[in-house]
Amino acid sequence: MQRRLVRVLASQGIPQFHICRVLGIDGKTLRKHFRRELDIGGARLEASLALRLLNIASGKDATALKAVIFLLRARFGWSPYLPPSR
């Protein structure tokens, strides 16, 4: 029951400090006994945010353009400050 709760809370972006308060344990104990659940929850959150950003980027307005630029910079290392590749 606690493992599922930690996984769900982590997947919703709830900070570890708050998860500790819900479970009544400290951060070190949380990370020691629930490392896998924290990792899985974090991965699910990242995947859902990436999917949401990709959906926004598929639009045709200024927000979509900003989302595409952000994705290219964050995921693929694009930068306006790098010299062009030859």
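This is a predicted model: local features need pLDDT of at least 70, side-chain atom pairs count only at pLDDT 80 or more; totals for chains, interfaces and linings use all residues.

User: How are α1 and α2 oriented, roughly parallel or roughly antiparallel?

Analyst: Helix α1 spans residues 2-11 and helix α2 spans residues 16-23. Their axes come within 10 Å and cross at roughly 150°. Angles over 145 degrees count as roughly antiparallel. The crossing angle therefore makes α1, relative to α2, roughly antiparallel.

User: Which residues in α2 meet α1, and how many charged residues does the contact have?

Analyst: From α1 come Q2, L5, V6, L9 and A10. They meet I19, V22 and L23 in α2. By class, this contact of α1 with α2 has 7 nonpolar residues and 1 polar; the charged count is none.

User: What is the handedness of the crossing of α1 and α4, left-handed or right-handed?

Analyst: The axes of α1 and α4 come within 7 Å. They cross at roughly 30°. The crossing is right-handed.

User: How many charged residues are in the contact of α1 with α4?

Analyst: On the α1 side, the contact uses R3, V6, R7, A10 and S11. On the α4 side, it uses E37, L38, I40, G41, G42, R44 and L45. By class, the contact of α1 with α4 has 5 nonpolar and 3 polar residues, and the charged ones number 4.

User: How many residues of the contact of α4 with α5 are nonpolar?

Analyst: In α4, the contact residues are L53, L54, I56 and A57. They meet T63, A64, A67, V68, F70 and L71 in α5. The contact of α4 with α5 has no charged residues and 1 polar; the nonpolar count is 9.

User: Which helix supplies the largest share of the lining of the largest pocket?

Analyst: The largest pocket has a volume of about 260 Å³. Both α4 (35-57) and α5 (62-76) supply at least two residues each to its lining. The largest share is 6 residues, and it comes from α4.

User: How many residues of the lining of the largest pocket are charged?

Analyst: The lining consists of E46, A47, L49, A50, L53, L54, F70, L71, A74, R75 and F76. Of these, 9 are nonpolar and no residue is polar. The charged count in the lining of the largest pocket is 2.

Technical notes:
Residues are numbered from 1 along each chain as its sequence is written. Side-chain values use heavy atoms; hydrogens and water are left out. Axes are lines fitted to C-alpha atoms, for helices over the stretch in contact, and angles run from 0 to 180 degrees between N-to-C directions. Helices (H or I, at least four residues) and strands (E, at least two) are DSSP runs, numbered from the N terminus. Angles under 35 degrees count as roughly parallel, over 145 as roughly antiparallel, 65 to 115 as roughly perpendicular and the rest as oblique. Contact means heavy atoms within 4.5 Å. Ala, Val, Leu, Ile, Met, Phe, Trp, Tyr, Cys and Pro count as nonpolar, Asp, Glu, Lys and Arg as charged, and the others, Gly among them, as polar. On a 1 Å grid over the protein atoms alone, a cavity is a set of points where a 1.4 Å probe fits but cannot get out, and a pocket is an open set with protein on both sides within 12 Å along at least five of seven lines; lining residues have an atom within 4 Å of a point. Grid points are joined across faces, edges and corners, and a volume is the space filled by probe spheres set on the points. A crossing is left-handed if the near helix is turned anticlockwise from the far one by less than a right angle, and right-handed if clockwise.
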